[in-house]
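Subject: Structure handover

Hello,

Here is the structure I promised to pass on. Please open it next to this email and follow along.

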Amino acid sequence: MDKSRMFASLPPFSCADVPLTDRRQKWMTWKRGFEIFLRAAKVEDAAEKKDSLLAHGGFELQDIFFNIPGADVEAKEDNDCYAIAIEKLDSYFAPQRHEAHERYVFWAMKPEPGESLTKFLMRTQTHASKCNFGKTSTDSSSIAVIDKMLQFVPASLREKLLQATDLTIDEVVKQVNAFETSRSASEQISGQAILPAVSKNTESVQRVKAYCKFCGKNHGPGQNCAAWNKTCGNCGKVGHFRAVCFSRMGQPGSSTGSSNQPPTKSAIKRNYSQTFQPSATAFGKQRRTGTSFPPRRLHAIADEEEEVNIELVEMVSSANDSEELVWVKVGGVIIEMQIDSGVHSNIVDDRTWEMMLNNGVETLARGNQSDKKFKAYAQRDCLEVLEMFDAEVIINDGNKELKTNARFYVVRDGPQPLLGKHTAQQLGVLVVGLPSQQSLQNVGSIRPFPSVRGVKIHIPVDKSVQPVVQRFRRLPFATLERVDDKLKELLAKDIIEKVSEPSRWVSPMVVVIKDSGDIRLCIDMRQVNKAVLRETHPLPTIEDVRWKLNGAVYFSRLDIKDAFHQLELDDESKPLTTFITHKGKFN
């Protein structure tokens with residue numbers, strides 16, 4: 001029988017419209033039918049088998065085959081080119097899957113709508129052959145425990161467990177214990193202390209709160225104190241409230257004339273008897289006169305040398321903070337820093353500082369005495385600051401260079417190098433405020449959009465075509481404010497410019513609403529296109545590109561942002577792009 005007629009009933013392989021999860025089964029089914037035709041046609045030669053595979057597989061299978069590295073090999077005595085081709089295609093369509101995931105898919109299988117029980121039974125038997133349910137009762141129970149734990153452990157731990165090819169119950173126990181221990185230690189370091197509860201045999205986790213010594217309230221280090229420029233009702237001094245005043249209780253009518261004094265650096269020191277033992281005479285006078293003073297809380301006695309300028313530092317970073325990392329050039333040395341809006345200062349650990357010194361860091365100023373103190377959350381002792389230095393900070397953003405001068409503090413055993421709030425805002429890598437307000441504030445600071453140097457585009461036109469001045473199209477009122485912001489942004493970037501003189505060509509503007517809610521400004525250039533002379537040039541087809549990519553191993557993709565805006569028009573072609581808006585004409 002003719003072999004070509006025998007293969008005529010075999011359809012070409014196609015998986016373009018097949019979901020990724022079903023392509024494996026699609027390939028296995030087609031390969032099984034193809035091998036049956038090979039046996040029926042009594043094809044034994046390996047090279048002939050491979051050629052038949054590609055010929056009857058169709059163009060789609062050929063594209064996949066020739067793009068797999070190492071799949072197309074020549075037929076030799078020491079190798080089987082057909083077996084190599086099938087192995088490469090099996091690896092492409094049927095990648096190795098985790099045993100636990102296969103069992104999860106098996107237990108989640110349900111009859112499809114309209115599917116008979118016979119077909120469902122065959123489908124379950126096919127998938128059960130891919131699963132490992134254990135050879136003994138001990139193996140089966142261990143596998144059941146592993147599957148149950150994978151359903152309820154956190155996502156980060158589940159991903160770590162699924163990375164193991166042969167996952168055992170011992171490995172699960174070890175990973176779960178390590179996860180619980182590390183999570184408990186992380187919670188303690190990040191600001192949670194284990195304090196004894198009422199019961200002697202139990203422990204409870206409570207967050208340690210820090211109270212301000214000037215107002216007595218709990219607020220963050222970056223927030224304004226309510227007692228700022230306020231006068232104390234007890235001592236008459238400025239800078240704190242009466243509830244936290246450390247001075248002796250003033251007599252009625254005696255605290256006059258002291259409200260204009262500047263705030264003191266620290267509270268007045270008192271001895272033990274003044275602080276904790278009330279005067280018997282004063283107590284007797286209070287009882288005799290009937291005057292009742294409000295109860296006062298006792299506070300820790302502040303030392304005169306205590307520094308007020310103390311910042312809290314987060315000492316623990318997680319994998320979720322990867323989006324906050326940025327490469328920064330500090331003093332000519334590139335280091336990776338984390339943007340931290342909770343700390344005002346820039347912090348570098350001693351190991352990073354040693355690396356910077358070895359690489360010749362350039363500083364503007366250096367000093368061994370620090371003007372600030374730092375504490376970790378839920379810690380009583382301050383961090384050891386080795387020295388501080390001033391340096392130039394540069395961040396490269398594409399073809400733009402963000403630059404400023406800032407001060408850094410070197411901390412012994414410090415955390416990941418931190419880029420503080422003030423420096424991050426100066427560089428523009430930290431945005432604070434509502435997006436709508438921020439867009440208006442940044443219009444004045446937007447740099448001109450870069451263009452290709454030395455290149456200006458000329459648009460040839462047919463002079464016999466009569467220019468058309470189209471009328472302005474009304475815009476919805478809900479989009480006027482956003483259109484104004486977009487026009488201001490384009491003007492600030494020097495992409496468009498204002499037109500004040502008469503124009504022979506005028507096109508209307510159309511606003512398109514994106515799925516994200518943002519707007520896109522479009523210009524109806526159909527009338528102008530009638531006058532533009534086309535340059536004839538053949539464009540490559542997809543077949544031409546595929547032929548050139550035959551045998552290629554490495555592929556890359558380059559997407560130029562706003563590519564058309566980087567090409568500047570010459571003075572003669574600019575009037576062709578004039579468009580009219582409710583704010584006037586631009587081009």
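Val330 stands opposite Val393 in strand E9. That pair belongs to a link between strand E4 (residues 325-330) and E9. The two strands run antiparallel and share 2 bridges. Keep in mind that this is a predicted model.

Stay with E9 for a moment. Strand E7 (residues 365-367) also joins E9, through 3 bridges. These two run antiparallel. Here Arg366 stands opposite Phe389 in E9.

E9 has a further pairing, with strand E10 (residues 400-411). How many bridges join E9 and E10? There are 12, again in the antiparallel sense. One place to look is Ile394, whose bridge partner in E10 is Lys403.

Now step to the loop between strand E8 (373-376) and strand E9 (385-397). Tyr377 sits in that loop. Its relative accessibility is 28%. Tyr377 and Glu311 are 66 residues apart along the chain. Their C-alpha atoms are separated by 9.6 Å.

Next, another sheet. An open sheet of 5 strands has the order E13-E18-E17-E14-E15. Its pairing is mixed. Which strands stand at the edges? They are strand E13 (498-499) and strand E15 (519-523). Each has a single partner strand, so one side of each is left without a neighbour in the sheet.

Inside that order, look at strand E17 (residues 579-581) and strand E18 (residues 584-586). They pair in the antiparallel sense, over 3 bridges. Phe579 stands opposite Phe586 in E18.

A helix packs on this sheet: H16 (residues 480-492). H16 touches E13, strand E14 (507-513), E15, E17 and E18. The direction of H16 makes about 70° with that of E15.

Last, the surface. Which residues make a nonpolar patch of about 270 Å²? They are Val452, Val455, Ile457 and Leu567. Find Leu567 in the loop between helix H18 (542-548) and strand E16 (568-569). Leu567 has a relative accessible area of 40%. Patch residues need over 30%, and Leu567 is partly exposed at its 40%.

Best wishes

Notes
Residues are numbered from 1 along each chain as its sequence is written. This is a predicted model: local features need pLDDT of at least 70, side-chain atom pairs count only at pLDDT 80 or more; totals for chains, interfaces and linings use all residues. Side-chain values use heavy atoms; hydrogens and water are left out. Patches are made of residues with over 30% relative accessible area and no salt bridge: like charges are joined within 9 Å, nonpolar side chains (Val, Leu, Ile, Met, Phe, Trp, Tyr) within 5 Å. Accessible areas come from the Shrake-Rupley method with a 1.4 Å probe; for residues, only the protein chains shown count as cover. A salt bridge is a side-chain nitrogen of Lys or Arg within 4 Å of a carboxyl oxygen of Asp or Glu. Helices (H or I, at least four residues) and strands (E, at least two) are DSSP runs, numbered from the N terminus. Buried means under 20% relative accessible area, exposed over 50%, partly exposed in between (1.4 Å probe, protein chains only). Two strands pair if DSSP finds at least two bridges between them. Contact means heavy atoms within 4.5 Å. Axes are lines fitted to C-alpha atoms, for helices over the stretch in contact, and angles run from 0 to 180 degrees between N-to-C directions.
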